[in-house]
Amino acid sequence: MKDQIAALGYDYGAQAIHRPAECNLCGATGRAVVLAQRDRYGYPAIFVVCRRCGLGYLCPRLSATQYAHFYSEVYRPLVSAYHGRRIDAETVQLEQHGYASTLAAFLLPLLPSSPRTILDVGGSTGVVSKVLAERLHAGATVLDPCPGELSVARAAGMETVAGLVEDFDPGERTWDLVLLCQTIDHLLDVRGTLAALRQMLTSDGRAFVDIVDVDVLLRRTGSIERVVKIDHPYYLTRPTTVALFALAGFAIVAERVTDDGHRGFVLAAGQRAEPDWLALEITAAQFLSTLSARRAGELG
Ligand SMILES: [Zn+2]
């Protein structure tokens with residue numbers, strides 16, 4: 001695995017020089033503590049956690065331009081090398097079919113009315129939106145930075161938009177169902193994107209967002225270095241995600257945790273609200289002490 005990753009010749013350490021000025025959740029500066037200096041691929045990724053709110057993120061990280069290059073050229077070959085099997089636009093569709101069926105079974109009974117329009121942010125080849133659109137007789141729009149994967153969605157009859165959601169300007173347009181599937185951890189601005197998605201939701205619409213729950217994954221893998229990966233600028237837990245939803249004006253309607261450690265939320269439009277910052281700081285301190293204890297255990 002290490003040899004195959006080395007063969008890609010991707011020099012992450014030389015490229016990742018963008019330093020987020022502040023915490024994306026609470027806005028704190030100078031409160032981040034370094035908890036890992038290597039990711040699961042062996043790249044020198046610096047993982048930090050904000051002491052004030054518990055948000056985990058990479059600092060420094062790739063810039064937006066570098067991430068665009070990363071997704072079009074490096075990402076699929078890298079995960080292929082890591083897993084020791086081919087992962088591309090074709091194989092991704094098979095995996096997404098399984099994901100889409102499970103999501104449809106969970107999500108569709110929870111929708112108050114039949115959505116006519118779907119926006120799938122980070123929708124890749126459009127498999128998930130296609131399954132949902134067919135079941136709901138709705139039209140789907142797929143937004144993704146990877147043109148190769150979008151071409152599959154376009155061939156299947158979906159509207160496609162190439163680019164990062166952070167650069168997407170829909171004007172006044174809104175959708176009945178907004179999906180952010182296995183994508184939030186890849187965003188460059190989680191707080192700004194959630195606020196934007198809230199604006200893109202019709203008044204009685206629903207959103208579905210799932211996170212890789214770092215608490216769940218850490219319990220399973222036992223090591224933060226196996227959780228950190230350069231493709232994820234952000235590392236969320238249930239408390240930090242709930243805080244981000246409150247700030248964006250989303251109300252949680254339903255929730256699930258899947259076997260692979262993804263925690264999914266069905267959301268409705270709600271009122272913007274300040275999170276309980278003190279509670280977040282306490283949770284952050286617990287998270288930091290858990291990681292320190294693990295580290296001491298590994299060293300001992
Ligand atoms: Zn913070």
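Helices (H or I, at least four residues) and strands (E, at least two) are DSSP runs, numbered from the N terminus. This is a predicted model, in which local features need pLDDT of at least 70, side-chain atom pairs count only at pLDDT 80 or more, and totals for chains, interfaces and linings use all residues. Residues are numbered from 1 along each chain as its sequence is written.

**Exercise 1.** Determine where His137 lies and whether His137 is buried or exposed.

*Solution.* Step 1: the loop between α5 (127-136) and β5 (139-144) contains His137. Step 2: a residue is buried if 20 or more other C-beta atoms lie within 10 Å of its own, exposed if 12 or fewer, and partly exposed in between, with C-beta atoms placed from the backbone. Step 3: His137 has 9 other C-beta atoms within 10 Å and is therefore exposed. Step 4: although His137 is not a glycine, its phi is positive, about 55°.

**Exercise 2.** Carry out the corresponding analysis for Gln182.

*Solution.* Step 1: Gln182 is placed in the loop between β7 (175-180) and α7 (190-199). Step 2: with 20 other C-beta atoms within 10 Å, Gln182 is buried. Step 3: Gln182, not a glycine, has a positive phi of about 50°.

**Exercise 3.** Identify the peptide bond between Cys59 and Pro60 as cis or trans, and locate Pro60.

*Solution.* Step 1: omega is about 5°, and the bond joining Cys59 and Pro60 is cis. Step 2: Pro60 belongs to the loop between β3 (56-58) and α3 (64-83). Step 3: for context, most peptide bonds are trans, and most residues other than glycine have a negative phi.
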